[in-house]
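Here is a short briefing on a two-part protein model. Please read it alongside the structure shown below.

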Amino acid sequence: MNDDTTQGKRGEDKGAAEDGAAVFLERDALQTLLALLQSGGYRLVGPQVRDGAIVYETLGGAEQLPRGWHDEQAPGRYRLHYDPASPRLFAWANGPQALKPLVFAPRELLWEAHRDETGNLRFQDCLPSGERIAVIGVRACDLAALALQDAHFLEGPFPDAAYHRRRTGLFLVAVDCSHPAETCFCAATGDGPRVEAGKGAAWDLRLQELEAGFLVEAGSRAGAAYLARLPARAATEAERAAALAQAQAAVARQTRRLPAPGPSAGAPCHDAAGLAGALTARHDHPHWHDVAQRCLACGNCTAVCPTCFCAGDEEVPDLAGTASRHYRQWDSCFTAAHSYIHGIVIRAETRHRYRQWLTHKLDTWHAQYGRSGCVGCGRCITWCPAGIDLTAEAEALVP
Amino acid sequence: MNPRPPAAPRLRVAVHKFTSCDGCQLAFLNLGEQLLELAERVDLVHFAEAGPVDPDAAVDIAFVEGSISTPEEVERIGRIRRASRYLITLGACATAGGIQALRNFADGDAWLRSLYARPETIRSLATVTPIARHVKVDWELWGCPVSGRQVLAAITSLLAGVTPRAEEDKLCLACKRGQAVCVMVARGEPCMGPVTRTGCGALCPRFGRACYGCYGPAENVNTRSHSRCLAGLGLAPEAVRARYHFITSQAPAFLAAGNSAQDDVT
Ligand code: SF4
Ligand code: SF4
């Protein structure tokens, strides 16, 4: 969120701009925006090349952005290629993570307990600092996923305080996806590749990258305030047309989709019932056994999935026996502990665990949050060491 | 007001060494300040590397480093078991054979004869075995070397009167929590992470290396599919076998996976 929306009601003023309100910013002027955000008190987090992938980390300036880098993604495979002739900073599809670790920390201290001199226990909340972070280059699928994480962590009867703190500090600079990967299918789920007002979580600024620079528009008051200080000019008709053509090409590049059976066939699956009911109805399908022959039950899919929110708790007592720290960390429906209850592991076998993952994500999520839990980012396909593709598995189950 | 719980009697702890490199004891020693704190709460009655020597003392917890590779060790581990309330194996050697168990796949006598001037002075067993093949083991700590954090966690749990927490998830989850980039997917490295138990903090992948599997098998492993993944990355069946028959080769799941690697990948 930002300076202007005070109380952490997420983005009531965001994502409101009309399409067509965009102005043009030279590519080199992006650094001006980054510097303004930094002097506005934000830590910048943005995409960079590290260890053979594009990851979101603290950004010093625009020179660290992945200029000229392209990705190649396939089931179980990710590679980067460098093109020195390309001036583009965002000519790649998402890497393994983006927003999730910033709001739902991979591991965090929730509270501490101390035994005082009299033997009484005292409990103390340990909330994150509420640091303000401007994230550069957020994709449409990640905004859709953020809206789902918000629904889970904030919109239930017990809002999560740590998530709320982190979430409130975010300023989101979104960018339209111009180069979806072979694994992407956000067009089919209706979540991308364009960033649109009123879809997914609200954003502050939106970029569309062209050969010469960016079309920029504001989606919030805070975004508009920054935009007003940038050396931008009105966009030309040709620039708007180029952006539109690029967006259409990005849709056309996508080949994967999830099955949408019944009356909703062909419709983007979160607008319709999608697979709601379809996988629970196939609880005993022999294909669960088939996928379990390949699945490693490693949980990589759930760790990279931007909507997965399962966590486990761990108590770490100190040596003296007078204090204990209570941690929460990412868990996965692929672990034994996830279904351990009262002396038994309910989902002991991989076929049960994969079934839980796919059924929750694509089917029962609808009943829980009003849409599918999949935003079509393709991460679980790319980062599965066994190359398991959920669209193919869903197709095999619901042909 | 809650009464303060009665002070528990101090636990007596011993650290024993069998066939090993001493690295796990070093991991223990490297706890530094925490080791001093620990010494406030327990009596370290036998820990030769740290000072106190009393190998036959009766103790509450015996940590055992190393595997069984000589006739003398077979006899000694029995004595230790009888003198200990809890016996905890410390690291890959004690728990799953360690690197010296590679001789189980070779002719150990031939090695002896080719390496030593007077092989008849060496008394060793034909095979190297984990502690649990000889005596009952109450808790296992994996890793080459063990993690000091896990050693402390086991002791703190026992001090509190609860069973230590099993960490048996696949390494991948810790790797992802640490925001490491998957070396298998992004670089085609033959990583053992998807079948290996967590505990090390994904040390190797965080430094761009494939996991060696030194923490042994995780729960519910699919070694057959994993072997096929390794073969898909270009490893010959023999190289797949060698990944499994390495530091924790005597763990049943890895022993079997190595033995069936040829069939699994073809
Ligand atoms: S299920 Fe897979 S494709 Fe869908 S949002 Fe999660 S990681 Fe992305
Ligand atoms: S589907 Fe792939 S990433 Fe997910 S648990 Fe199975 S092997 Fe791991």
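In this predicted model, A:Ala297 counts as buried, because its relative accessibility is 1% (buried means under 20% relative accessible area, exposed over 50%, partly exposed in between, with a 1.4 Å probe and protein chains only). A:Ala297 has a positive phi of about 50 degrees, although it is not a glycine. A:Ala297 sits in the loop between α8 (287-294) and α9 (300-304) of chain A. Helices (H or I, at least four residues) and strands (E, at least two) are DSSP runs, numbered from the N terminus.

**Conventions**

- Residues are numbered from 1 along each chain as its sequence is written, while chains are lettered from A and ligands numbered from 1 in the order in which they are written.
- In this predicted model local features need pLDDT of at least 70, side-chain atom pairs count only at pLDDT 80 or more, and totals for chains, interfaces and linings use all residues; side-chain values use heavy atoms, with hydrogens and water left out.

**Backbone features**

- Most residues other than glycine have a negative phi, and most peptide bonds are trans.
- B:Gln179 is not a glycine, yet has a positive phi of about 60 degrees.
- B:Gln179 lies in the loop between α7 (171-177) and α8 (183-187) of chain B.
- B:Gln179 counts as partly exposed, because its relative accessibility is 25%.
- A cis peptide bond, with omega of about 0 degrees, joins A:Gly192 and A:Pro193.
- A:Pro193 is placed in the loop between α5 (186-189) and β10 (205-209) of chain A.
- In chain B, a cis peptide bond joins B:Cys144 and B:Pro145, again with omega of about 0 degrees.
- B:Pro145 falls in the loop between β5 (139-141) and α6 (148-159) of chain B.

**Chain A**

- Chain A has twelve helices and 16 strands.
- For 399 residues, a compact globule would have a radius of gyration near 21 Å; chain A has 22 Å, which agrees. The radius is taken over C-alpha atoms, and the globule rule is 2.2 Å times the number of residues to the power 0.38.
- The C-alpha trace of chain A spans about 65 × 60 × 40 Å along its principal axes.
- Buried residues make up 58% of the 399 in chain A.
- Of the contacts in chain A between residues at least 6 apart in sequence, 71% join residues at least 24 apart. Contact means heavy atoms within 4.5 Å.
- Chain A has an accessible surface of about 15,500 Å², and carbon and sulfur atoms account for 54% of that surface. Accessible areas come from the Shrake-Rupley method with a 1.4 Å probe; for residues, only the protein chains shown count as cover.
- The 40 positive and 47 negative charges of chain A have mean positions 1 Å apart. Lys and Arg count as positive and Asp and Glu as negative, while His and the chain ends are not counted. Each charge is placed at NZ of Lys, CZ of Arg, CG of Asp or CD of Glu.

**Chain B**

- Chain B has 13 helices and five strands.
- A compact globule of 266 residues would have a radius of gyration near 18 Å; the value for chain B is 20 Å, which agrees.
- Along its principal axes, the C-alpha trace of chain B spans about 60 × 60 × 25 Å.
- Of the 266 residues in chain B, 53% are buried.
- Chain B carries 29 positive and 26 negative side chains, and the centres of the two sets lie 4 Å apart.

**The loop between α11 and α12 of chain B**

- B:Thr248 is found in this loop, between α11 and α12.
- B:Thr248 is buried, because its relative accessible area is 2%.
- With residues up to four places away in sequence not counted, B:Gln250 touches residues including B:Asn104, B:Phe105, B:Arg133 and B:Leu255.

**Interface**

- In chain B, 34 residues are in contact with 52 residues of chain A.
- The two chains bury about 3,400 Å² between them, 54% of it on carbon and sulfur atoms. Buried area is the accessible area (1.4 Å probe) that two parts lose on being put together, summed over both.
- B:Lys176, B:Arg177 and B:Val185 supply 20% of the area that chain B buries against chain A, more than any other three residues.
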